[in-house]
Amino acid sequence: MMKILIVGILLASTFISQAQFTGAGRPSSAGRTGGQNVNIGHLYGKIVDKQTNKGIPGVSVQLTGNKFDTITKQMKQAILKTVITEANGDFSLEGLSIFGSFKMKLSAIGYKATENAVSFGIKFPAAGSQPDFTAIAAAADKDLGNIKLDQDATQLQSVTVTSTAKPLFELGIDRKIFNVDKNLVSTGQTATEIMKSIPSLSVDIDGNVTLRNASPTIFVDGRPTTLTLDQIPADLIEKVEIITNPSAKFDASGGGAGILNIVLKKNKKVGYNGGIRAGVDSRGKVNGGGDLNVRQNKLNFFLSGIYNQRKSISTNMTDRNDFGSKPGQIHQDQKSINDGYFGFIRGGLDYFVDNRNTISIAANYNRGQFNGDQDQQIDSTVSGVYKSYNLINSNSVSNFKNFGSSLSFKHNFEKNGHNVSADFNYNYSTNDNNSLINTQNYFPLTITPTKAPIKQQSLSNGENKFFTGQIDYENPLSDNTKLELGARAAVRNFSNLNNQYFFNSTSNTYDYFPLLSSNYKYTDAVYAAYANISWKAKKFSYQLGLRAESSDYKGNIISATTGKDSAEFKVPYPISFFPSAFITYKLTDKQDLQLNYSRRINRPNFFQLIPFIDYSDPLNLSNGNANLRPEFTNSFEVSYNNAYKKGANLLVTAYFKQTDNLITRFQYKDKNPAPQLTTADSVVFNTYINANNSMSYGLEITNKMPVTSFWDLTLNLNIYNSIINSTNVDNGANNQRVSWFGKMNNNFKLKKGYSIQFSGDYRAKSVLAQGGGGGGRMGGGGGGFFMGGSTSTAQGYNFPRYSFDLALRKDWTWKNGQSGSLTVSMDDIFRTQLSKTYSESIYFNQISERRRDPQVLRINFSYRFGKFDATLFKRKNTKADQSGGTEMMQGN
């Protein structure tokens, strides 16, 4: 009875509105065929096998019909509903207009596709007539009965696995996606080598990645991680996403450099498939690994593992001029060898509860050990007189472990695109190091020691726990409007112990030296919530967002004698708001123009805040600044995207970034607080301050184009100007430099399964980056008393550098879905990669040069296998992606 009443009310209101609209009792075309106000229809039935009369699961049931287009103001054919049959063949289509006619298409692997016309058989009441509400209510629920499908024997017999190759490079307005699973140069290496071949990214000799001259936030599978790039095997990476100007949906921390998201492989193809791989390099180091994926019924299981041996050799030269009452020069030559291994294992499963609910569990474990051997010679000249030289040898053993886990749940509501998801991530990592350092001072031009050697032992270990929990909600309010809401909490607990010992020849033991030792911990908690609203109007698309974040920072210095907290400092950051805005105009089907804006924050880290002196370099003491303020960056971008022909894409972006309260290093001289370490009356202190600001603006052009049928070329050019304003501090100045950065990536597909990849990059002279994590004990250093490498001050620059990489691959394809490939590659093939920097302050200037791992040859072989079972498709399907890829990254 209630249903009859509802039908009556809906019909009456529809009839009245249509009568008012047309000026008579005759409904408009929208009322006759769209039935927009009477969407109470329900079609249901069962799909069965014609021969066995048994229900068929996994059948796609698609309903099409007329739909009113709010833009053109006309009716058009559209897909109204799509469902998948249940395990017994049942299907149900609800929320349909009870007027008009529909077409129902049925398709399933192994069966012939069919198309049938269906309707409720209800006509709109004529003007002046009384509708039969009881009859209409009864007809609104229509059972279509058992619908029989014929088997397609030909289709069942000829089902084969066909591979649709993803392009290496996909351009989007809000992100760039690089499908690197086919990258040749990085085969058998780590994520660091992958980044070298990706446009927009610059990788220095130590593997540090910058994006538009700043360090991006690193994510793995859309979430923060404690893994470093050199701990992630390249063979487990499916794609890399670069988001240069994230919206309010993403974490606001990390400054204005954007987000670099590494998406690991997670195959979802039905059936089973996997692969094994092995390789060796010219230094005799081997690598090997494998992966396996099984999907059947409601479970998708994946497992992968990698073992990698690595030997890294680097050389360093530094010339330093000290100013003051006794000017001097220091020349340093250094050679370092780091030899070891790391292993990485990852596994997990997806449980498809039904076609609307999915639970996913994943975990990874990483372990490695590296042995370091470093030799250096330091020549000292004071007031033009060659005084002495030091020979320093250090040997170290380092271990690291990392465990990561995630638990996620996603629920899809009835409306397409309406969903809620929640996940919890936990990362735990540990590291330890044991170093022995021997320093011997000699008279000039002799092998006669000036005194007994200084023997030092360094024992350190650290622990990092990182918890994140978040919830995201999406609701398409209409065909052209979508609402997104979310909340996130992230808590990091970090601790570090670094004990320094010096050899006592009298007792023949290593004595603990408290001034050079440290024991500290800190907790960093960030809480956030966001809201995004997006809508379309004709050729325009809009997105407005607002994110709120607050954080608390607490640091403790732990007493070496009592093991209890001896000092504590807290730095609370109140709620800050981070708006974002995106406006996109669709010029044509292949061209887009976008303007976007976002505000982000970079909070000071522990090493920059800790207000206690670090004595690890007696002539260059370090201490943090608890009064540091966060950096706030406002970023603007204008982007033009043009897919001007098949396989080609052009993206041009003009950008501007301004950072206020720039965190930068600052040096000053003061009285020596530790005369037992050095006899100098005064020493240099290194700390951090907030400079006025910095600005960066430039133009980035990325073009992917097929040069010929066998040659694809990707070019990237970034021209920019960096300006640093530090006039608000003593001896500060403005520092600016126009620079440019370019990359190329050539892919040649030759006959008989051969392919070649040739890539290169060039960076012009550029301003030296600011900030940093601190050196000495606080930065995990501690390797003698000399400060090598570049010193990041408000004055300095990087010299130009360039390099080229080359790889050749042969592919084979065999029966039953098996394939293999052999890859030969070499990094820095012409031995041109040289990192050279110049830095200066009022106390000294220095030039440093470093070279690392040139011309290393690598050979890798991989073999893939799999079985495709068409009958698996007949079991219960889900809305999960079956393309073998992963979904796009969700926000935080």
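I began with the overall count: the chain has six helices and 46 strands, taken as DSSP runs numbered from the N terminus (helices H or I, at least four residues; strands E, at least two). This is a predicted model, so I kept in mind that local features need pLDDT of at least 70 and side-chain atom pairs pLDDT 80 or more, while totals for chains, interfaces and linings use all residues. Residues are numbered from 1 along each chain as its sequence is written, and side-chain values use heavy atoms, without hydrogens and water.

**Whole chain.** I looked up burial next: 48% of the 892 residues count as buried, meaning under 20% relative accessible area, with exposed over 50% and partly exposed in between (1.4 Å probe, protein chains only). The chain exposes about 40900 Å², and carbon and sulfur atoms supply 56% of that area (Shrake-Rupley method, 1.4 Å probe). For contacts (heavy atoms within 4.5 Å), I noted that 69% of those between residues at least 6 apart in sequence join residues at least 24 apart.

**Cores.** Which residues touch the most other members of the largest nonpolar core? I found M195, I198 and I237, out of 24 residues; such a core is a set of buried Ala, Val, Leu, Ile, Met, Phe, Trp, Tyr and Cys residues joined through side-chain atoms within 4.5 Å. At least two residues of this core come from each of α5 (191-196), β10 (201-203), β11 (209-211), β14 (237-243) and β15 (259-264). I then followed I198: beyond its neighbours within four places in sequence, I198 contacts F178, V180, V240, I242 and K743. Another core lies apart from this one, with 23 residues that include L96, I98, F102 and L144.

**A sheet.** L96 turned up again as the bridge partner, in β4, of G41. Strand β1 (residues 41-49) runs antiparallel to β4, and six bridges join the two; strands pair if DSSP finds at least two bridges between them. I traced the open sheet of three strands as β4-β1-β7, with mixed pairing. β4 (90-96) and β7 (141-149) are at the edges with a single partner strand each, so one side of each has no neighbour in the sheet.

**L407.** Finally I visited L407, in strand β21 (residues 385-412). Is L407 buried or partly exposed? L407 is partly exposed, at 45% relative accessible area. Leaving aside neighbours within four places, L407 contacts I359, S360, I361, A422, D423 and F424. I also noted A362, 45 residues from L407 in sequence but 6.8 Å away in space, C-alpha to C-alpha.
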